[in-house]
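Let's take a walk through a protein fold together. Have a look at the structure below, and then we'll go through its sheet and its aromatic rings.

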Amino acid sequence: MGEKEKILFANEAFYAAFAGADMDAMSAIWAGDAPVSVIHPGGDLVSGRGPVLESWQAILSGEEAFDIEMRGASARCLNDVGIVVCYERVGGHNLIATNLFARSGDTWHIMHHQSGPSPVLPPRADGPGASLN
């Protein structure tokens, strides 16, 4: 498996944790040895592993899994940094996201997620990761 595929695999793991409201999986995918941050749609910058995970805990604390779908992911690798740009459908909202990953050994962990409104949502692709809900 090449580095781009590993980055896309880590990206899918992030969205699977989100869709399943699985805080343990969400915690595992976030980098432990790199600075982390998140900007949720309509929100302010949240920095630091503790505050970032607290923000996800608040989002995922509901009883049911999220209605989220990730589409159109593309990855780039720049040494030990991976960049994924993808689209999200959360409920009835179309979003576009940038996810940055840091390499730790042979695995990739997310270190930044930012998502905001998008006027378009690409059509569903066939295959793994096409729908995560």
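## A hairpin to start with

Strands β3 and β4 make a hairpin with two residues between them, and Asn-79 in that turn has a positive phi of about 60°. Before we go on, a word on where this comes from: this is a predicted model, where local features need pLDDT of at least 70, side-chain atom pairs count only at pLDDT 80 or more, and totals for chains, interfaces and linings use all residues. Residues are numbered from 1 along each chain as its sequence is written, and side-chain values use heavy atoms, with hydrogens and water left out.

Helices (H or I, at least four residues) and strands (E, at least two) are DSSP runs, numbered from the N terminus. Two strands count as paired if DSSP finds at least two bridges between them. Strands of a sheet pair through backbone hydrogen bonds, either parallel or antiparallel.

| β3 (residues 68-78) and β4 (residues 81-90) | antiparallel | nine | Ile-68 and Val-90 |

## The whole sheet

Zooming out, six strands form an open sheet with mixed pairing, in the order β2-β1-β6-β5-β4-β3. At the edges sit β2 (45-47) and β3, each pairing on one side only. On average, neighbouring strands are turned by 20° against each other, direction ignored. Angles like this run from 0 to 180 degrees between N-to-C directions, with axes as lines fitted to C-alpha atoms, for helices over the stretch in contact. Contact means heavy atoms within 4.5 Å.

Which strands does α1 lie across? They are β3, β4, β5 and β6 (107-117), and α1 runs at about 150° to β3.

## Aromatic rings

Now for the rings: the structure holds four aromatic pairs. Rings of Phe, Tyr and Trp (its six-membered ring) pair if their centres lie within 6.5 Å; planes under 30 degrees apart are stacked, over 60 edge-to-face, and the rest tilted. One of the pairs is Phe-14 with Tyr-15, edge-to-face at 4.9 Å centre to centre and 75° between the planes. Phe-14 and Trp-56 have ring centres 5.5 Å apart and planes at 85°, so this pair is edge-to-face. That pair links distant parts of the chain, 42 residues apart: Phe-14 is in helix α1 (residues 3-19) and Trp-56 in helix α3 (residues 49-60).

Are Phe-14 and Trp-56 buried or exposed? Both are buried, meaning under 20% relative accessible area, with exposed over 50% and partly exposed in between (1.4 Å probe, protein chains only). Tyr-15 is buried as well. Finally, Phe-14, Tyr-15, Phe-18, Trp-30 and Trp-56 form one aromatic cluster.
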